[in-house]
Amino acid sequence: MNILFLYISLPHLTESGVFIDLIKEFANQGHNVKVVTPLQNKGVERVSKEAGIDVLRFKTDQLTNNKSNIKKGLAYIKLIYQYPKAIKRHFGKEKFDLIIAHSLPPEIGIIANILKRRYNAKFYLMLCEYIWHDSVSLGFFKESSLVCKYYKWLEKTTIRAANYIGSPSQGNIDFTLKYYPWAKNKNIHLLHYTQTPIELTKSNENIKIKLGIEGKFVAIYGGNMSIAQKIENVIEVAEACKQYEDIVFLLLGRGQELLRIQQNVKQRGLTNIIFLDFLPKNDYLQLLSVCDIGIVSLNEKLAIPNIPSKTLSYFNLSVPIVASIDRNTDYGQYLKEAKAGLWSYAGDTENFKKNIIKLYQDPSLRKEMGQSGNNFYMKNMLPTIGYQTIIKQLKQ
C-alpha cells in the first residue's frame with residue numbers, strides 16, 4: 001500500500017516519538033511510505049532519506065515563535081495550498097492509497113480533501129485536538145467570535161473528510177460523538193499513542209549526584225509550560241510538601257509561562273523546586289528513569305479530554321504518575337484502568353499532596369504502579385499494536 005503521512009511538526013525520523021515510531025512501523029511492514037512536514041527552521045526544501053523513508057520538508061511562513069497571532073494564523077491558512085503544491089512538486093508521479101494525518105494543523109481537513117480527490121485515496125485521522133473548545137475555555141477568544149466560527153468550521157470539515165478516526169481514549173471518542181453524532185459512521189475507534197520500548201544507553205555518570213539530589217525523592221515534570229498545563233498547581237503542592245526535606249520537584253522545559261513561574265517560585269522562597277532547561281532526549285530519559293514519580297498537570301479550565309503524551313515515557317520506564325487534572329478529561333479513568341497512578345482535580349492541593357505523600361511513603365506501591373503502567377504500555381501502546389489497529393479498520 002502507498003501511504004502518505006502528513007504532520008505539522010516532526011523531528012528527524014532517526015529519533016523516536018509518538019508519531020515517528022508508527023510511521024516507521026508502516027515502513028517496516030513493507031508499505032511504501034512518504035512523509036510530508038513543514039521545515040521548522042531555515043533550510044532548503046527537499047526530499048531526504050530519514051531512517052530509510054522519504055521525507056519531504058517544505059518551506060512555509062513562520063509557524064512557531066511568531067509574536068503576531070495574525071501572521072501566525074495566516075501562515076497556517078497558507079498551508080492549505082502549500083502542502084498540496086509541495087507534494088505535487090516532489091511526489092508528482094506517486095499514487096497514494098491512504099493519507100494518515102494528525103488533527104493539527106486545524107486546516108488539515110481541507111488539505112486532506114484536496115489530496116483525496118487528487119489520488120482517490122482514503123483518509124485516516126488521528127483525532128485528539130479540538131482547537132476552539134480549549135481556546136474559548138482559556139479565554140483566547142469568545143465562542144461568538146468570527147475566529148471561533150472559523151475553527152468550528154475547520155473542525156467539522158476535518159471530521160467529515162475522514163474515512164476513519166482513531167482517538168487515544170474513550171473520552172475523546174465520546175467528546176467527538178457529543179458534538180458530531182454522525183461521526184459514528186467514520187469508524188471512530190480507540191487508537192492509543194504508540195512508542196517503541198526505550199533502551200537507555202549506559203552512563204557512568206550519576207545523574208542525581210550531578211544535580212545535587214542524591215538520596216532525594218524526586219517528582220519530575222518535563223514538557224511545555226504554558227497556560228494549558230498551569231504549573232502553578234505544581235508550585236502549590238511543592239509548597240505544601242516543603243516540610244518533607246527529602247522531596248524535590250524537577251521542572252524541565254520551556255514555554256510562554258516559564259519566566260512567570262520562575263518568578264513565582266522565587267517570591268515564595270521555595271528551595272524544593274529545581275528548574276532545568278530542555279535536555280538531550282537520552283539525558284532526559286536517563287534522568288526520568290531514576291525519578292520516583294512523574295507529574296501530570298492540566299489547567300482546570302480545559303474543555304476537552306486530554307491524554308498527555310508524556311504518559312508514554314512514564315509508562316515505558318515504569319514511573320508511577322501523580323496527576324492534577326481538569327474535570328472534562330477521562331485521564332483519571334485512564335490511570336485507574338492502567339493501575340499506574342493517582343489523580344486529583346486541579347486546584348485541590350490537599351489531595352494532590354496526599355497522593356504524592358502516599359507514594360512517597362510506600363515504595364512497594366510505587367513499584368507496583370510503575371510495573372502496571374509498563375504492563376499497560378506493552379499491551380496497548382507498542383507501534384505494532386497501533387499498526388494492527390489501523391489495518392484492522394481498513395479491512396472492515
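Q: Where does Ala51 sit in this predicted model?
A: Look in the loop between β3 (46-50) and β4 (53-58), and there you'll find Ala51. Its phi is near 55°, a positive value in a residue other than glycine.

Q: Is Ala51 buried or exposed, or something in between?
A: To read this, check the relative accessible area: under 20% is buried, over 50% is exposed, and partly exposed lies in between. Ala51 has 44% relative accessibility, so it counts as partly exposed.

Q: What about Asn120, what is its phi?
A: Asn120 also has a phi near 55°, again a positive value in a residue other than glycine. Find Asn120 in the loop between α3 and β6. With a relative accessible area of 71%, Asn120 is exposed.

Q: Which residues does the cis peptide bond join?
A: Here omega is the angle to look at: it is about 0° for the bond joining Leu104 and Pro105. Pro105 belongs to the loop between β5 (98-102) and α3 (108-119).

Q: How many residues of β5 are buried?
A: Five of the five are, so β5 is largely enclosed by the rest of the structure. You can see this by taking the strand one face at a time: Leu98, Ile100 and His102 are buried on one side, and Ile99 and Ala101 are buried on the other.

Q: Which strand pairs with β5 over four bridges, and in what sense?
A: That's β1 (residues 2-6), and the sense is parallel. As a landmark, take Phe5, which stands opposite Ile100 in β5.

Q: And how many bridges link β5 and β6?
A: Five, and this pairing is parallel too. His102 stands opposite Met126 in β6. Now follow the chain through β5, α3 and β6: together they make a right-handed β-α-β unit.

Q: How do I read a pair of aromatic rings?
A: You describe such a pair by the distance of the centres and the angle of the planes. A search of the whole structure turns up 22 aromatic pairs. One of them is Tyr130 with Phe175, an edge-to-face pair at 4.7 Å centre to centre, with 70° between the planes.

Q: Why does the pair of Tyr130 and Phe175 tie together parts that are apart in sequence?
A: Tyr130 lies in the loop between β6 (122-126) and α4 (131-137), while Phe175 is in helix α6 (residues 170-179), so the pair ties together parts 45 residues apart in sequence. Both Tyr130 and Phe175 are buried.

Q: Which residues form the aromatic cluster with Phe175?
A: Tyr130, Trp132, Phe175, Tyr179, Tyr180 and Trp182 form one cluster. Over the ring of Trp182 sits the charged end of Arg160, 4.1 Å from the ring's centre. Elsewhere, look for the charged end of Arg327 over the ring of Tyr345, 3.8 Å from its centre.

Q: Which residues have the most contacts inside the largest nonpolar core?
A: Phe26 and Phe315 do, in a core of 62 residues. Leaving aside neighbours within four places in sequence, Phe26 is in contact with residues including Ile3, Phe5, Ile100 and Tyr387. Another core lies apart from this one, with 44 residues, among them Leu56, Phe123, Leu125 and Tyr180.

Key. Residues are numbered from 1 along each chain as its sequence is written. This is a predicted model: local features need pLDDT of at least 70, side-chain atom pairs count only at pLDDT 80 or more; totals for chains, interfaces and linings use all residues. Side-chain values use heavy atoms; hydrogens and water are left out. Rings of Phe, Tyr and Trp (its six-membered ring) pair if their centres lie within 6.5 Å; planes under 30 degrees apart count as stacked, over 60 as edge-to-face and the rest as tilted. Helices (H or I, at least four residues) and strands (E, at least two) are DSSP runs, numbered from the N terminus. Buried means under 20% relative accessible area, exposed over 50%, partly exposed in between (1.4 Å probe, protein chains only). A charge sits over a ring if NZ of Lys or CZ of Arg is within 6 Å of the ring centre and within 35 degrees of the ring normal. A nonpolar core is a set of buried Ala, Val, Leu, Ile, Met, Phe, Trp, Tyr and Cys residues joined through side-chain atoms within 4.5 Å. Contact means heavy atoms within 4.5 Å. Two strands pair if DSSP finds at least two bridges between them. A crossover is right-handed if, with the strands pointing away from the viewer, the path from the first strand over the helix to the second runs clockwise.
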